[in-house]
Each structure stands twice: as structure tokens, then as C-alpha cells.
Amino acid sequence: MLYLIGLGLGDEKDITLRGLEAVKKCEKIYMEAYTSLLSFGLTTDGLSTLEKLYGKPITIADREMVEEKVDNVLSEATSFDVAFLVVGDPFGATTHTDLVVRAKELGVEVKVVHNASVMNAVGICGLQLYRYGETISIPFFTDTWKPDSFHEKIQRNRELGLHTLCLLDIKVKEPTWESLCRGKKQYEPPRFMTINTAIEQLLEIEQNRQESAYSEDTNCVGLARLGSEDQMIVAGTMRQLLAVDFGAPLHCLVIVGKTHPLEEEMLNVYKLKGESLDHKDDATA
């Protein structure tokens, strides 16, 4: 049996009782470690905290292992119970859907234990979940690569008056170009996109395209460390959020669409002190 187990967003205590029961009966435990991170996973003792709770060792499954060597994991699951731990919910990333498909092809039985993810926890900012359009991912710009294809999705959401959840880039165990050329992998230090960087890139794209999908005056919500004890939620215009220090990762950003009065009341709870949200931008989106 292969168990896909969601860990939630905060710390080791966010696992469900069903998930914990499944982990404790598994002979091998893997933890996926590249699509997201638990807040305590950013510290050196994060893994040992999990291992202490489970009473078992955990093997880190990085991107290379999951995408290139996952057949080894599935092979083990034909002989004994294997747990594959995922931050948030198991289906928050397409990689894990592919894992289920490959398991089924090999005749491996799969059980899924769901948990909270950014896709539903973002509701804490007060914007109604059924008023969101297509979610986008914003990758880091480089000197030679500045992707902007997601701009059209934001524009489409805005035209429909829908909110846009922006998931921000995570670079974990990324090989350097130099090492790839030499044929011996060396890895870049981990990098996590901030809300500030995301807004800077979004404004640069809009400046280049001149399509009026959004502007410095567009209302947004910045969310950092969602689901953790020290989570931070700030509502304001893009210009206002650029000046905010959101602290440690992980960050995400919501571009606000048309708002209901109740949504506006909730957003005002998170607005910057001394500032008020201008809903003219949303009404004409």
C-alpha cells in the first residue's frame, strides 16, 4: 500500500489523526521536499521533530528522486506499506497526481489522507473561495528569462471580476548551469520568492505589455507563513505592499477582483494602519 498523506501547513501537529495512524503502520516513510515546506522545516531540527513524533526515520524525497526514481518507491509499496508525506494536501501539486497514476499502472493500491492546503486556507483573508479564478505560479526572473504567460490568466480573472491566487517560486536543490555543463551536479542555495519580488515582477510585466490588467493601485493581499502561529496577512495596494517586510517564507499573493461588501469588511481587518482600501479599482476590473 502507498499512503499519500497531507501534513497541513503549520507544524508537525497539523497532521490528521488518520494520517498519523497511517504513518505509524508504514515500514518506510518519505517526505516530499520541493513543492512546499512546513514552517519548521526551514530549521535544522525540522526533520527530527517529525521523526520524534512518528518514532521512525524519514527519507527526504527531493525533486530529482520523485521525478526520476519514484519507481523505486512504488516497487517498495508492492511489498510493504509506504508513506509519502506532502506539505498541505497531497493533490496541491500535479507531481503527486502523476505518482498516483504510475502507482495504479503498477497495480499498487493507493490511499490518500487529505489535509489543509494554501488553496483553501487562503480563505482566511476574507475573500470568498468560490470567487477565485485560475491560480497562477510566478517564477523567478533571470537575466535572460522573464516569463509572462501567466499575465493573460490574471487579466482574464480580472475581466471576470475574480480574485487571483499567485503561488510564488521556490528554488530547492536547483543545479547550477556550470555544474550541468561539467556533468557533475552542484546546487544553488535555496531561494524563496517574497511578495515584494512578485509584485516588482508583476509591475515590470505590466509596464512592458501595457494591457491595464492591474496597476500599482490594484488591491492585493499578501500572506506569509499561512497556517503557522506567526502567519502574517496584509491587505493593501501593490504599491503599499511593496514597502512591507513579510519576513520568513513561504509567501503567496492574492490579486483582488470585484468585492462583496462582506469581503471588503474582512479585508479592512488586514489593511495597513492609517491606510484604507480603495475599491474603485476592484469595481472597474
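Colleague: Of the contacts between residues at least 6 apart in sequence, how many join residues at least 24 apart?
Modeller: In the protein chain, 73% of those contacts join residues at least 24 apart. Keep in mind that this is a predicted model.

Colleague: What does the secondary structure come to?
Modeller: The chain has 12 helices and 12 strands.

Colleague: And what share of the residues is buried?
Modeller: Buried residues make up 49% of the 285 residues in the chain.

Colleague: Let's pick a helix. Which residues of H5 are buried?
Modeller: Thr95, His96, Leu99, Val100 and Ala103. Seen down the axis of H5, the buried residues fall within an arc of 145°, so they line one face of the helix.

Colleague: Why would residues a few places apart point the same way?
Modeller: An α-helix has 3.6 residues a turn, so residues three or four places apart point the same way.

Colleague: Which residues are exposed on the other side of H5?
Modeller: Thr94, Lys104 and Glu105 are exposed there.

Colleague: What do the buried residues of H5 pack against?
Modeller: Strands and helices. The strands are E1 (2–6), E2 (28–32), E4 (82–86) and E5 (110–113). The helices are H3 (63–68) and H4 (70–77).

Colleague: What span should H5 have, at 1.5 Å a residue?
Modeller: H5 runs over residues 94–105, which is 12 residues, and should span 16 Å. Its end C-alpha atoms are 17 Å apart, which agrees.

Colleague: Which residue with a positive phi follows H5?
Modeller: Gly107 follows H5, with a phi near 80°.

Colleague: What about H7? Which of its residues are buried?
Modeller: H7 covers residues 150–159, and its buried residues are Phe150, His151, Ile154, Gln155, Asn157 and Arg158. They cover an arc of only 160° around the axis, which puts them on the same side of H7.

Colleague: What follows H7?
Modeller: Gly161 does, with a positive phi near 75°.

Colleague: Where is Gln210?
Modeller: In the loop between helix H9 (195–209) and strand E10 (219–224). Ser212 is in the loop between H9 and E10 too.

Colleague: Is Gln210 buried or exposed?
Modeller: Exposed, at 61% relative accessibility. Ser212 counts as exposed as well, at 66%.

Colleague: New topic. Where does UniProt place the "binding site" feature?
Modeller: The unreviewed UniProt entry places it at Leu9, Asp89, Gly92, Ser117, Val118, Leu168, Leu226 and His251.

Colleague: Start with Ser117. Where is it?
Modeller: Ser117 sits in the loop between E5 and helix H6 (118–121). Its relative accessible area is 10%, so Ser117 is buried.

Colleague: What does Ser117 touch, leaving out residues up to four places away in sequence?
Modeller: Ser117 touches Leu9, Gly88 and Asp89. Leu9 and Asp89 are also in UniProt's "binding site" list.

Colleague: And Val118?
Modeller: Val118 is found in helix H6. Beyond its neighbours within four places in sequence, Val118 is in contact with Leu9, Leu165, Leu167, Leu226 and Cys252.

Colleague: Where is there a cis peptide bond?
Modeller: One joins Pro249 and Leu250, with omega about 0°. Leu250 lies in the loop between helix H10 (238–242) and strand E12 (251–255).

Colleague: How many aromatic pairs does the structure hold?
Modeller: It holds 0. There is a charge over a ring, though: Arg191 lies over the face of Phe140, at 4.0 Å from the ring centre.

Colleague: Is Thr237 buried or exposed?
Modeller: Thr237 counts as buried, at 8% relative accessibility. Thr237 lies in strand E11 (residues 232–237).

Colleague: What does Thr237 touch, not counting residues up to four places away?
Modeller: Glu216, Asp217, Thr218 and Asn219.

Colleague: Last one, Arg18. Where does it lie?
Modeller: Arg18 lies in helix H1 (residues 17–25). With a relative accessible area of 63%, Arg18 is exposed.

Colleague: What separates the C-alpha atoms of Arg18 and His114?
Modeller: A distance of 9.3 Å, with the two residues 96 residues apart along the chain.

Conventions: Residues numbered from 1 in each chain as written. Predicted model: local features only at pLDDT ≥ 70, side-chain atom pairs only at ≥ 80, totals over all residues. Heavy atoms only, no water. Phe/Tyr/Trp six-rings, centres within 6.5 Å; stacked < 30°, edge-to-face > 60°. Lys NZ or Arg CZ within 6 Å of the ring centre and 35° of its normal. Buried < 20%, exposed > 50% of the residue type's maximum accessible area, 1.4 Å probe, protein only. Helix = DSSP H or I, 4+ residues; strand = E, 2+ residues; numbered from the N terminus. Arc of directions from axis to C-beta. Contact = heavy atoms within 4.5 Å. Expected span 1.5 Å × (residues − 1). UniProt positions renumbered as here; feature names shortened; annotations may be inferred.
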